[in-house]
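Subject: Structure handover

Hello,

Here is the structure you were waiting for. My notes follow below it.

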Amino acid sequence: MTERGPEQTADESALYVFAVCNAPDPAVFVRLPGVAVETQLRPLRFGGLTAIVQTVRAADFTDEAWQTRMSDRDELERYARAHHDVVSAAAASCPTVPLPLATLYHGEERARRALLDETERFRAALERTAGHCEWGVKVYAPESPPPDQGHLPSREEAPAARSRPAPGAGLAYLERKRGVQAQRERRHEDALRVAETVDAAFQCIAASGRRLRLHAPEPAGQGRVQVLNATYLVAEHQAAELDALTRTLRDATGARIEVSGPWVPYSFVGEV
Amino acid sequence: MTNQRLDIDSDQLGQDLVALVLTVVELLRQLMERQAIRRIDQGDLTDGQVDEIGTTLMLLDQRMAELCEQHGVRPEDLNLDLGPLGTLLPRD
């Protein structure tokens, strides 16, 4: 959706689009700064819908400008928050389809044309997400007892390290290793089963669900292992059931289940 | 993403190289161990052979632990995070 070209000059302007709404109340955006200081947020009508837009200096939003911004955590956070504030304000007042951070067009006419081309998609998304919120669910494998690493203590138990161990020691060693390996496989299977159970339970009350890529294990060895990273589109009147469901699943599986939300349904506006 | 420059400190470089070499050796050792367990499960080895293999792997394991200790490398340093692929060695 973003179009940027090399032909921009310093004083050229561009149009930043935050979200597409159905009949928004302009009053909710009056106090929000958006992503530029010198201009105000305003509605842009197209095909019966309304986009929330802001005129910005094209020079502030070139590829290079974004590259610089990406490497500056604070600056990036400032933009992400400004974007999110507008999207949240919109979503709180009317059905809203959030657009990705840094959705830009060269001027109003091109924005209107591009948005018009996608009207059907926006309508479908608005219809699907109206009265719904997004909830994130992350599941971590139950804490396992500290495993037997299988490494033999090199000093205490094997003082005569260079001499050949007694017969049968090798057999016992491999048996122990086999035990460790089997235990690891069992834990892995258990974790997968927990993930499926939790996902199936949430799918039952959700209008839609998506499984996202698992986060890598936390560094430093002892991190928790994530087994499910999913997000669900849940009707507002069913949100109250989430708490009870989470508690039940926690008790049933022993896994750590983290639920976050309600969020603006970012993850459920892309599909048609 | 980061503004950090590469700091070429030869001691640190040597230490990292040791850790990397030990990582590769440990990976091979664990692969051999798994292969040995698979062979045993298939049942085509005599008890004597199994004991022989087990003893060799055990001595390698001990030697590995000694080397790590000598070079101040912790067992968890011998693992690489491969991002979406997980880690090089199984994490228990």
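Gly209(A) has Tyr232(A) in E8(A) as its bridge partner. The two strands involved, E7(A) and E8(A) (residues 226-235), pair in the antiparallel sense over 4 bridges. Strands pair here if DSSP finds at least two bridges between them. Helices (H or I, at least four residues) and strands (E, at least two) are DSSP runs, numbered from the N terminus.

Before going further: this is a predicted model, in which local features need pLDDT of at least 70 and side-chain atom pairs count only at pLDDT 80 or more, while totals for chains, interfaces and linings use all residues. Residues are numbered from 1 along each chain as its sequence is written, and chains are lettered from A and ligands numbered from 1 in the order in which they are written.

**The open sheet**

E7(A) and E8(A) belong to an open sheet of 4 strands in chain A, in the order E7-E8-E6-E9, with antiparallel pairing. E7 (208-211) and E9 (256-263) of chain A are the edge strands, and each pairs on one side only. From one strand to the next, the twist averages 20 degrees. Helix H6(A) (residues 239-253) packs on this sheet. H6(A) touches E6 (132-140), E8 and E9 of chain A, and its direction makes about 170 degrees with that of E9(A). Axes are lines fitted to C-alpha atoms, for helices over the stretch in contact, and angles run from 0 to 180 degrees between N-to-C directions.

**Chain A overall**

Chain A comes to 6 helices and 9 strands. Of its 272 residues, 27% count as buried. A residue is buried if 20 or more other C-beta atoms lie within 10 Å of its own, exposed if 12 or fewer, and partly exposed in between; C-beta atoms are placed from the backbone. Among contacts in chain A with a separation of 6 or more, 80% join residues 24 or more positions apart. A contact means C-beta atoms, placed from the backbone, within 7 Å.

**The cores**

The largest nonpolar core has 33 residues. Such a core is a set of buried Ala, Val, Leu, Ile, Met, Phe, Trp, Tyr and Cys residues joined through C-beta atoms within 7 Å. Val17(A), Phe18(A), Ala19(A), Val20(A), Ile52(A) and Val86(A) have the most contacts inside it. Elements of chain A that give two or more residues to this core are E1 (13-21), E3 (49-57), H2 (73-93), E5 (104-105), H3 (107-117) and H4 (119-129). E1(A) gives the most, with 8 residues. A second, separate core has 19 residues, including Trp135(A), Phe202(A), Ala230(A) and Val234(A).

Take Ile52(A) as an example. Beyond its neighbours within four places in sequence, Ile52(A) is in contact with residues including Phe18(A), Leu41(A), Val86(A) and Ala90(A).

**Strand E1(A)**

Of the 9 residues of E1(A), 8 are buried, so this strand is largely enclosed by the rest of the structure. Its antiparallel pairing with E3(A) has 8 bridges. There, Cys21(A) stands opposite Thr50(A). E1(A) also runs antiparallel to E4(A) (residues 96-98), joined by 3 bridges, and Val20(A) stands opposite Val97(A). With E5(A), the antiparallel pairing has 2 bridges; Leu15(A) has Tyr105(A) as its partner.

**Helices**

The end C-alpha atoms of H2(A) are 30 Å apart, which agrees with the 30 Å that its 21 residues should span at 1.5 Å a residue. The expected span is 1.5 Å times one less than the number of residues. H2(A) has His83(A), Val86(A), Val87(A), Ala89(A), Ala90(A) and Ala91(A) as its buried residues. Their cover includes E1, E2 (41-46), E3 and E4 of chain A.

H5(A) (residues 169-205) has 37 residues and reaches 55 Å from its first C-alpha to its last, close to the expected 54 Å. Its buried residues include Tyr173(A), Leu174(A), Val198(A) and Phe202(A).

**Across to chain B**

H5(A) packs against H1(B) (residues 10-42) at about 100 degrees, with the axes 10 Å apart. The two helices are therefore roughly perpendicular (65 to 115 degrees; under 35 counts as roughly parallel, over 145 as roughly antiparallel, the rest as oblique). Leu174(A), Lys177(A), Arg178(A) and Gln181(A) make the contact from H5(A), and Glu33(B), Ala36(B), Ile37(B) and Ile40(B) from H1(B).

Val18(B) also sits in H1 of chain B. Val18(B) is partly exposed, with 17 other C-beta atoms within 10 Å. Not counting residues up to four places away in sequence, Val18(B) touches His71(B) and Val73(B).

Best wishes

How values were computed
Two residues are in contact if their C-beta atoms, placed from the backbone, lie within 7 Å.
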